[in-house]
Amino acid sequence: SRNLLSNAVKFTPAEGSIYIRTSWLRPTKKNASQSGMEEFFTLSTGEEVQVSHNGHFQVHVTDTGVGMTKEQVDRLFRNGVQFNVNDLQSGQGSGLGLYIAKGIVEQHGGTLLAASDGLG
């Protein structure tokens, strides 16, 4: 999501680093039967089609930014949440970006997670 990348840029100092890694993960035999591998859709023409799922796309965004406390990580994807607004982003932003991104990802059957080693 664009918001994930813009947050990484916003909260990483100029001398810092941002890493983006993508991968395609195929289902294993263990989770294939649990993941609803086939789904049916009705097209606008009335024709019903069957789609098989072959895995999922994974995106990791890692940065050397300021970090977050455990409490901040726990609240990160809530509506209107912003941290250190004055210190880090000069009051810019609505606090809705990650909340909306998480909603979009979940509507497509995905998961959006965050982790931090703490501040500093």
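The accessible surface of the chain comes to about 9,100 Å², and 52% of it belongs to carbon and sulfur atoms. Such areas come from the Shrake-Rupley method with a 1.4 Å probe, and for residues only the protein chains shown count as cover. The structure is a predicted model, in which local features need pLDDT of at least 70 and side-chain atom pairs count only at pLDDT 80 or more, while totals for chains, interfaces and linings use all residues. Residues are numbered from 1 along each chain as its sequence is written, and side-chain values use heavy atoms, with hydrogens and water left out.

**Overall organisation**

The chain has 5 helices and 4 strands. These elements are DSSP runs numbered from the N terminus, with helices (H or I) of at least four residues and strands (E) of at least two. From the N terminus on, their order is α-β-α-β-β-β-α-α-α. Of the 120 residues in the chain, 15% are buried. Here buried means under 20% relative accessible area, exposed means over 50%, and partly exposed lies in between (1.4 Å probe, protein chains only). Among contacts between residues at least 6 apart in sequence, 56% join residues at least 24 apart; a contact means heavy atoms within 4.5 Å.

**The nonpolar core**

In soluble globular proteins, nonpolar side chains tend to be buried together. The largest nonpolar core of this chain has 7 residues: Met68, Val73, Leu76, Phe77, Leu98, Ala101 and Leu112. A core of this kind is a set of buried Ala, Val, Leu, Ile, Met, Phe, Trp, Tyr and Cys residues joined through side-chain atoms within 4.5 Å. Not counting residues up to four places away in sequence, Leu112 touches Leu4, Phe77, Leu98, Ala101, Lys102 and Val105.

In helix 1, Asn3, Asn7 and Ala8 are buried. They lie on the same side of helix 1, because they cover an arc of only 140° around the axis, the arc being that of the directions from the helix axis to the C-beta atoms. Arg2 and Val9, on the other side of helix 1, are exposed. The cover over the buried residues of helix 1 includes strand 1, strand 4 (56–63) and helix 5 (97–107).

Thr12 is found in the loop between helix 1 (2–10) and strand 1 (18–25). The side chain of Thr12 reaches the backbone oxygen of Ala8 at 2.6 Å. Leaving aside residues up to four places away in sequence, Thr12 touches Ser17, Ile18, Asp63, Thr64 and Gly65. Glu15 lies in the loop between helix 1 and strand 1 as well. The C-alpha atoms of Glu15 and Gly65, 50 residues apart in sequence, are 9.8 Å apart in space.

**Strands**

Strand 2 (residues 38–42) and strand 3 (residues 48–52) pair in the antiparallel sense over 5 bridges; two strands pair if DSSP finds at least two bridges between them. Phe40 stands opposite Gln50 in strand 3, and the bridge partner of Glu38 in strand 3 is Ser52. The hairpin of strand 2 and strand 3 has 5 residues between the strands, and Gly46 takes a positive phi near 95° there.

Ser23 is found in strand 1. Apart from neighbours within four places in sequence, Ser23 is in contact with His56, Phe57 and Gln58. Ser23 and Gln58 are 35 residues apart along the chain, and their C-alpha atoms are separated by 5.2 Å.

Ile100 is found in helix 5. Ile100 and Arg78 are 22 residues apart in sequence and 9.2 Å apart in space, C-alpha to C-alpha. The table lists the relative accessible areas of residues discussed above.

| Residue | Class | Relative accessible area |
|---|---|---|
| Thr12 | buried | 11% |
| Ser23 | partly exposed | 22% |
| Ile100 | partly exposed | 46% |
| Glu15 | exposed | 67% |

Notes:
Polar contact = N/O pair within 3.5 Å; in protein donor to acceptor, adjacent residues only side chain to side chain.
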